[in-house]
Amino acid sequence: MRKRILWLFVSMVMVASLVLASCTASTPTTEKPTTPTTPTKPTTPTTPTTPTAPISPGAETAKIKLTKLDGTVIEKTMEKPKYGGTLSVGMGTGSLLIFDDIRMQVYFAATMFLTNENLIMGDWTRGPTGTNEAGFHDLANYPMPVLTGQLAESWEITGPNSMVFHIRKGVHFHNKPPTNGREMDANDVAFSLNRLWEFPGSYQYNSGPPDQYLESIEATDKWTVVMKTKPGKLGRMYELAGQYAKVVPHEAIEKYGNLDDWRNSVGTGPFMLVDYVPESSARFVRNPNYWMNDPFFPENQLPYLDNVKYLVIPDTSTRLAALRTAKIDWLGGYAEYITWEDMLNLNETNPELMWAEYPNGATDAIFMRVDKPELPIHDVRVRKALALAIDNEEIAEYFYGGMAEIYAWPAVPVAEFSDIFVPLDKLPESASEQFTYNPEKAKQLLAEAGYPDGFKTEILTTTQWIDLLSIIKDYWAQIGVDLEFDVRETGATYSILFQRAHKEMFMYTVQPINPFSFLRTKPEAAYNASMIDDPRMNEVIRQCDENYFNWDKKAQIYRDSVAYQLEQQWIIQLPAPNKNVAWYPWVKGYSGEICAGLTANHRDWAKYAWIDEDLKAEYMAKK
């Protein structure tokens, strides 16, 4: 019976959405089909774990030797890159909102991924195209061993609250007014960072308020930037300054006031923005004076591509059609990833497509306020009962086609975080049992907590999660818990959250891909929707912050806390559907990466990629 109900929600998602698309709490009603269609569990695409485009017949190849972090030497055969060609990328509407990262998190300024650079970047040789020690599949703050310098050639800690960045020489701004190709130096870095921390609307200002995090950022000479922070804030400042901040030239800001007009875009990046059509497209051309060479073929200057096109296609089905007809060469990413249903369809129509499937770094979760003693969910037994009443295996199987991780928080199972991820079979039962389905024990726990007949509860949400929550509602009804929905518009929902005014529960995501940010468990964090202020957890946060730059010790501290975090059941994590990225085999030098290690480098992989024009022409001739 539950399987029929579950698949009903998959096949009739609009029913619940229409019923619940209001600002008042309501309960959806659906009619159960008499003969539901049971889906066949799909199979994963037959691509290797580290996908690489097949080598073209007659292509020139080279054997590349790479040394892993543990000293192991591996050898890979790579096709020698060729210059020229255009890469077309499909994307939704959310990433081309701004052109200046002073306005908000740089993720929303997608053009800056190609035009401007950070102090630090992911080491491309550590990713799937290289040693595969990092997946580079999500927007994350990855461990330092898989990072390397970008505009900073190196950096060092000079005290408990101070860090020095040694700025790379020989890097030039784009050859266009007002910089006209001049060399970038430490003064530009200090100017850019101070600008971000002086502007109240910036991500840096709000994530690391200057009065709490920053003492000073100063260029002490042409190639040295010294950053001094408030006590205990050096780690977070290293992230915000080194990995999230784009460097811009001071004269552009002095002349234009800001970079809000796309025509004023100027940076040190591999591409230059030359055309933008609002809500339609952005076009970039190769920066002929880019500083970086290919790490696999050091004699080659990057980038290889002549052009990159961002094509804004708001409708998902239209984006998929553009991929299917090769109007775009690549589709995926943080917001535009391909669902398992669409992946199976594309495998049928376009079997030549290359695929990368990876764990979701934003796991759907139910947050429960633990700061209100009057609420049933204040009792950990109640929270555990609610978790035990959910059949995660069934949701993964029938709602996500079997392509989902049951357990992905507080650390996602990816290569970069293997040191902190604890497999289910290594956890104590008190931590792992929440992923099992046991409604009888759930009823027992409710009775022990004083709720033998269940209770009513309410969750604040948007229409995005109605279908999944409708399944949860059905599960909880079987143990006497009546879940009501308070459905709001997205802006209103987060306004309520940030005011900490949600009544009981809140539906959002956990971010196990950024474990050491503690965005969901730190007392002052805006997205701590469960209102967690736990002494033991606070000590874990303090120790991790204190050992921020000692990866081994920090990883051990976090790993030792995983069972405790799960046992407290502050958050009910739901199955996390895997994400999928697709590209055509003529996109070479690429293996499914999303960003070169950092949020601020989303789609930065384009500077390493090249187009096999002959292979593309051959394919298009057959269409």
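Visitor: How much space lies in the second largest cavity?

Guide: Here's the general idea: rolling a probe the size of a water molecule over the atoms shows where empty space is left. On a 1 Å grid over the protein atoms alone, a cavity is a set of points where a 1.4 Å probe fits but cannot get out, and lining residues have an atom within 4 Å of a point. Grid points are joined across faces, edges and corners, and a volume is the space filled by probe spheres set on the points. In this case, the second largest cavity holds about 100 Å³ of space. Its lining has 13 residues, with Trp-409, Pro-515, Phe-518, Leu-519 and Arg-520 the closest to its centre.

Visitor: Before we go on, what kind of model is this?

Guide: It's a predicted model, where local features need pLDDT of at least 70 and side-chain atom pairs count only at pLDDT 80 or more, while totals for chains, interfaces and linings use all residues. Residues are numbered from 1 along each chain as its sequence is written, and side-chain values use heavy atoms, with hydrogens and water left out.

Visitor: Which classes of residue line the second largest cavity?

Guide: Eight are nonpolar, four polar and one charged. For the classes, Ala, Val, Leu, Ile, Met, Phe, Trp, Tyr, Cys and Pro count as nonpolar, Asp, Glu, Lys and Arg as charged, and the others, Gly among them, as polar.

Visitor: Is Phe-518 buried or exposed?

Guide: Buried means under 20% relative accessible area, exposed over 50%, and partly exposed in between (1.4 Å probe, protein chains only). Phe-518 has a relative accessible area of 3%, so it counts as buried. Its phi is near 50°, a positive value in a residue other than glycine. You'll find Phe-518 in the loop between strand E19 (505-510) and helix H17 (535-546); helices (H or I, at least four residues) and strands (E, at least two) are DSSP runs, numbered from the N terminus.

Visitor: And Trp-409, what kind of peptide bond joins it to Pro-410?

Guide: A cis one, with omega about 20°. Pro-410 sits in the loop between strand E16 (404-405) and helix H13 (429-432). Another cis peptide bond joins Leu-302 and Pro-303, with omega about -5°.

Visitor: How many cavities of 30 Å³ or more does a search of the whole structure find?

Guide: Four. The largest has about 120 Å³ of space and is lined by 15 residues, with Asn-141, Tyr-142, Glu-239, Tyr-548 and Lys-554 nearest its centre.

Visitor: Which helices each supply at least two residues of that lining?

Guide: Helix H7 (234-242) and helix H18 (551-568). H7 is mostly covered, with nine of its nine residues buried, and Glu-239 is one of them.

Visitor: How many helices and strands does the protein chain have?

Guide: There are 19 helices and 24 strands. The radius of gyration, taken over C-alpha atoms, is compared with a globule rule of 2.2 Å times the number of residues to the power 0.38. Here it is 25 Å, close to the 25 Å that the rule gives for 623 residues, so the chain is as compact as a globular protein of that length. Buried residues make up 59% of the 623.

Definitions and conventions: 1 Å grid on protein atoms, 1.4 Å probe; cavity = no way out; pocket = protein on both sides within 12 Å on 5 of 7 lines; lining within 4 Å.
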